[in-house]
Amino acid sequence: MPSPYADLPPRAFWRTAVAGREASQTAGLYEPKFSLTPSHRILTAGSCFAQHVGRTLRGAGFDVIDEEPAPPGMPPAMAQKFGFGLYSARYGNLYTTRHLRQVLEEVTGHTRPADPVWECGGRFFDAQRPSVEPEGMETPELVALHRKHHLAAVDRALDAADVVVFTLGLTEGWIDAETGTTFPTAPETIAGRFDPARYQFVNDDYPQVLADFLAARDLIRARRPDVQFVLTVSPVPLTATMSGQHVEVATAGSKAVLRAVAGHLAATYADIDYFPSYEIITSQTAQGRFYAANRRSVTEDGVQTAMACFLAAHGAVPLDQPVPTATPEPDEDDVVCEEALLDAFRP
Amino acid sequence: MIRALVIGNSHAAALIKGWQMMVQEYSGKVELQSFATWEPIYRKLGFQGMVFGAHAATDLPHHSLDRLTDMNGTQQIDLSAFDHVLHVGLLVPDADLIGTAGRFDVDGLPDSGRANRLSQPAFRAWAHSFAQRPPVRAMMQGPWAQLGSRLTLLRRPRAKATLFDAAQIPSATIYGAAQDLIDAALTRSAAKAGVRFLPQPAESLTDHGLSDGRFADTAPRLRGDKTYTKPDLYHMNAAYGALCLKAWLDSMT
């Protein structure tokens, strides 16, 4: 009997598929389960790397849902600062599957987040998306009014979605200890007041991440039974960890959990695909060149390489052509990433 | 005697006609000259030193150059020869303002129950960004800015109140509030550049901040004695021009 490896294609072997490959050569790394077409209405969400995904898809002519558009004429950088155009609604970054699930449960009336308004300097912020109004608002009532509008926008976006593209970003987060309400940032990072008796650090494990995503999927499928999912894992490392580990070890642990969950989901469910942007950026073939000098931000070259692979696999643009973008790609440090604000607390 | 120049696009016509209503009042104090043409021609004119107009490299067909001469008796004007220059018709893109006023609610302003909502910080930031747009920036740098405080900028008038009907009061209010913010931002930008900004006279505005129709009837055209007869949102009449000129001249005399 020949070895079961004997008939495998070159892509199955490290020497032929990786050792001699240039980092920019991504052909064969991704074979979509299903094709995206311009007729699909796409909802995007996730950690800050997902902003690149949405922008690239829009630039390539895909129909990315935007239920909370910027006012006409607002400059792109300003729109981004206010959370417009980053995703299909102004939910800001949803770093964890726990947060994705919570937003969907709030939209569908299954939950009502505790501690909804945070204060800073006499201004008031939506604790669930504190970065989208950088100056905050005058009153808590205005925050509540905007949240109501926002949830209605998410509701419309969900009703329209044929495909959900979600980037899993973090496992670490902060919750209200009594209710389990999760927050995208620790209190006091942007607003709010940190009370160790009230807020609790969590580092979601594999079962938790998986359960939260499956619950989120159920909520979306309840209204869009034929919806399909494309998962990616953010290659952006943690800015800081509360795990007690070295941040590099903590990052590897978090990403391993997220990658394993994404792999399991894609292997198990026909409606879930996995796009390996994480592998493209972190690949040994890149030798770190897809990371900026801070070794954390993904470079424009890295984003282009990953997204070119995605678009080519979906027949949107040939692999050797530059990736079109809907709006000028901001500098890597300009991607809205609340998690990066933790850097301000380093010694 | 102050040597003053009104320069600009078709919106200068209201001021040129308005001057005829007030020339006696300023007789012996102000000598006013004008240099104006239609926007498509005006935007192609440029500087050589402080001489503004059509130069050898100006990309304009003969018939446009002929019209420039026809309207002004010359194709160029030396701005350094004037004590004060009023640039009329600075274009702030109104389509974006109207689009926002028609589709968004804004905190603190009348509500229409729309799906899109802007906070006051977002609304202010958006409105202020109009003062950074290329047509505005161009007037606050280069040869124009070299005129310093001798240069005053007057915007194209706000849209007429007929833009919105009685059922669209919230939209009208948002439009007017945005224009107020833009004017404030333009005032600050102009001061920073060392030039001056003349806001649209309050007497010519409705309560909602749009142009009052009383100042829009029989808006003159640049050529001859024709007036705008087709529906026109922005061109104003000689009475409006006189208001603007008075505000400008009184600020310098």
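When I say that two residues touch or are in contact, I mean that their C-beta atoms, placed from the backbone, lie within 7 Å. This is a predicted model, where local features need pLDDT of at least 70 and side-chain atom pairs count only at pLDDT 80 or more, while totals for chains, interfaces and linings use all residues. Residues are numbered from 1 along each chain as its sequence is written, and chains are lettered from A and ligands numbered from 1 in the order in which they are written.

Let me start with B:L15. Leaving out residues up to four places away in sequence, B:L15 touches B:V6, B:V88, B:G241, B:C244 and B:L245. I call a residue buried if 20 or more other C-beta atoms lie within 10 Å of its own, exposed if 12 or fewer do, and partly exposed in between. A nonpolar core is then a set of buried Ala, Val, Leu, Ile, Met, Phe, Trp, Tyr and Cys residues joined through C-beta atoms within 7 Å. The largest such core has 80 residues, and within it B:V6 and B:L15 touch the most other members. Another core lies apart from it, with 68 residues, including A:Y91, A:V103, A:A262 and A:L265. In soluble globular proteins, nonpolar side chains tend to be buried together.

Next, the helix α9 of chain B. Helices (H or I, at least four residues) and strands (E, at least two) are DSSP runs, numbered from the N terminus. Buried residues in α9(B) include B:G241, B:C244, B:L245 and B:W248. Among the elements that cover the buried residues of α9(B) are α1 (12–22), β6 (84–90) and β10 (196–198) of chain B.

Between β10 and α9 of chain B there is a loop, and B:T206 is found in it. Is B:T206 buried or partly exposed? B:T206 has 15 C-beta neighbours inside 10 Å, so it counts as partly exposed. Beyond its neighbours within four places in sequence, B:T206 is in contact with B:A161 and B:D212.

Now to where the chains meet. Here 16 residues of chain B are in contact with 17 residues of chain A. On the chain B side, α4 (94–103), β8 (116–118) and α5 (120–129) each supply at least two residues. The largest share of that side, five residues, comes from α5(B).

In chain A, strand β1 covers residues 41–46, and five of its six residues are buried. Two strands pair if DSSP finds at least two bridges between them. β1(A) pairs in the parallel sense with β2(A), residues 63–64, over two bridges, where A:I42 has A:V64 as its bridge partner. Five bridges join β1(A) to β5(A), residues 163–168, also running parallel, and there A:T44 is partnered by A:V165.

A:E188 is not a glycine but has a positive phi of about 85°; it is found in the loop between β7 (182–183) and β8 (199–203) of chain A. A:E188 is partly exposed, with 14 other C-beta atoms within 10 Å. A:Q287, also not a glycine, has a positive phi of about 50°, and is found in the loop between α8 (277–282) and α9 (300–313) of chain A. With 9 C-beta neighbours inside 10 Å, A:Q287 counts as exposed.
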